[in-house]
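The exercises below are to be worked with the sequence and the model side by side. Each one sets a task and then goes through its solution step by step.

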Amino acid sequence: MSSAIDTGPAGLRAPRSVDDTGLPFLFLVDLLAKVLFQRGQLPLPELSAHLKLGPGVIEPLVAFMRQEKMLEVTRRGGSGTDADLHYQLSESGGARAVAAMARNAYAGPCPVPLAAYNAQVAAQSAASTPVTRAALLRHFDGVVIDPQVMNQLGAAMNSGRAILLHGAAGSGKSYLAERLGGLQGGTIAVPYALMVDGEVLPVYDPLVHQALPEPVSASAASSLLTLQPLQPLDMRWVRGLRRPSVLSGGELTLEMLDLRFDSVTRLYRTPQHLKANNGLFIIDDLGRQRCSALELMNRWIVPMDRASDYLSLHNGHTFQVPFDVQVVFSSNFLPERLSDAAFLRRIGYKIEVPALDTARYEQVFRQACTACGVQFDATVFEALLQRHARQNTPLLACYPRDLLRQVRDLARYEGVAPVLNLDMLDWAWENYFADEHKRGKPEALAEAPHERLSQRRGHTLLPTSEEN
């Protein structure tokens with residue numbers, strides 16, 4: 001599968017002049033001044049490495065700053081080359097840097113123009129990497145999942161439309177949502193930052209954008225060795241990155257979906273969905289945010305319809321950015337409780353993740369026993385099933401792991417090997433559910449009424465490890 005390393009706008013050769021960068025000359029002068037103000041005296045090779053620009057782009061900037069008495073040059077070393085030249089700001093250059101930092105304190109790698117970013121996002125759209133049945137089977141290898149749910153997931157990922165996973169708390173929705181991220185193939189290129197109306201917006205985030213090594217064929221390697229010295233890549237882009245999968249939960253607010261300018265640091269904070277371009281943006285635990293689910297969903301109507309969003313700088317300038325993001329909502333609530341019909345129409349797939357049937361519950365219980373170092377006991381397991389039935393508790397995938405961890409914890413406290421028996425299981429059950437059953441139903445069911453749906457369908461996702 002080809003990647004954005006070799007194709008698309010970011011694959012073009014590096015800029016060889018100031019004009020090639022697509023950025024204003026004086027903007028680059030200010031950026032250079034801020035870098036020297038923060039880092040002190042630097043040689044040209046270090047300036048080039050920091051700004052991700054070749055010497056041919058930086059030298060005219062240096063010449064201008066020397067002419068305007070903003071820069072001082074000293075020679076260190078005896079090589080007799082330009083590598084011995086070290087640059088530092090003069091008093092007037094320092095004043096210019098301070099003034100530039102008061103507007104925007106960004107002093108990192110050189111940004112790219114918004115137009116170049118828009119073109120690259122379009123060139124590496126997730127829609128260009130369809131999900132096949134074979135790929136889905138490989139990705140979920142070792143995970144027990146009902147064929148109907150698998151088919152829904154595969155089709156949903158190919159649709160490019162929003163997905164809503166709903167079901168009782170503990171049914172495995174979050175695990176499933178996060179697992180979907182690895183289905184999107186190929187690699188992408190992401191710029192360190194964007195320049196919009198003279199302002200710099202950081203984009204690359206190492207916590208979001210992670211490298212994915214790709215094997216290079218012999219012919220491709222030979223081609224790169226031949227072409228790269230003649231056509232060096234634009235280093236303002238970070239290449240070879242896996243498609244992002246950004247997760248937000250109950251902490252999400254409407255303000256976090258907008259561009260924010262910190263008046264103290266004088267830096268912008270770009271919203272997470274911009275960093276999620278060409279990938280997934282997962283909103284977990286929908287309905288638990290500080291804003292209402294309706295307000296949150298209304299924020300997504302335009303981006304999901306038009307594949308673009310609008311952001312505003314702190315000076316009031318509004319601009320358009322691409323929204324090449326597949327949004328995955330996960331909620332304990334039924335779809336009709338979350339929003340109105342107008343928004344629900346825009347969610348392409350509403351997939352229920354119900355409780356387990358008995359056979360699968362035993363399978364995940366056995367796996368949890370292995371993970372916790374507890375020997376499986378069929379008699380105790382049968383008693384557990386009877387207790388579930390007696391107290392009307394659904395067979396959710398999270399229960400075996402959570403109950404057996406408490407058995408293990410008590411064994412460690414007592415200094416004995418963990419053993420599965422009725423006394424230990426009763427102790428863990430009472431700790432886990434507290435007095436919920438004495439009041440009637442577990443709190444999870446009272447908050448998320450999926451009992452009827454779970455009883456009607458007996459399939460769900462099952463992780464094969466402790467993770468759920």
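**Exercise 1. Determine how many residues of strand β14 are buried, and which strands pair with β14.**

Step 1. Strand β14 covers residues 279–283, and five of its five residues are buried, where buried means under 20% relative accessible area, exposed means over 50%, and partly exposed lies in between (1.4 Å probe, protein chains only). Helices (H or I, at least four residues) and strands (E, at least two) are DSSP runs, numbered from the N terminus. This is a predicted model, in which local features need pLDDT of at least 70 and side-chain atom pairs count only at pLDDT 80 or more, while totals for chains, interfaces and linings use all residues. Residues are numbered from 1 along each chain as its sequence is written, and side-chain values use heavy atoms, with hydrogens and water left out.

Step 2. Two strands pair if DSSP finds at least two bridges between them. Strand β11 (residues 245–248) pairs with β14 in the parallel sense over four bridges, and Leu247 stands opposite Ile282 in β14.

Step 3. β14 also pairs with β17 in the parallel sense, over five bridges, and here Ile283 has Phe329 of β17 as its bridge partner.

**Exercise 2. Explain why strand β6 can be called largely enclosed, and find its bridge partners.**

Step 1. Five of the five residues of β6 (residues 162–166) are buried, so the strand is largely enclosed by the rest of the structure.

Step 2. Taking the faces separately, Ala162, Leu164 and His166 are buried on one side, and Ile163 and Leu165 are buried on the other.

Step 3. β6 runs parallel to strand β18 (residues 347–352), to which five bridges join it, with Lys350 of β18 as the bridge partner of Leu164.

Step 4. β6 also pairs with strand β17 (residues 325–331) in the parallel sense over four bridges, and Ser331 of β17 is the bridge partner of His166.

**Exercise 3. Work out in which sense strand β3 pairs with β1 and with β2.**

Step 1. Of the five residues of β3 (residues 85–89), four are buried.

Step 2. Strand β1 (residues 42–43) runs antiparallel to β3 and is joined to it by two bridges; the bridge partner of Pro43 is His86 in β3.

Step 3. Strand β2 (residues 71–75) likewise pairs with β3 in the antiparallel sense, over five bridges, and Glu72 stands opposite Gln88 in β3.

**Exercise 4. Classify the ring pair of Phe25 and Phe64, and then that of Phe365 and Phe376.**

Step 1. Rings of Phe, Tyr and Trp (its six-membered ring) pair if their centres lie within 6.5 Å, and planes under 30 degrees apart count as stacked, over 60 as edge-to-face and the rest as tilted. By this rule the count comes to 13 aromatic pairs.

Step 2. Phe25 and Phe64 are edge-to-face, at 5.4 Å centre to centre and with 90° between the planes. Because Phe25 lies in helix α2 (residues 25–39) and Phe64 in helix α4 (residues 55–67), the pair ties together parts that are 39 residues apart in sequence.

Step 3. The rings of Phe365 and Phe376 have centres 6.0 Å apart and planes at 70°, so this pair is edge-to-face. Phe365 is buried at 0% relative accessibility, and Phe376 is buried with a relative accessible area of 19%.

Step 4. Tyr361, Phe365, Phe376 and Phe381 form one aromatic cluster.
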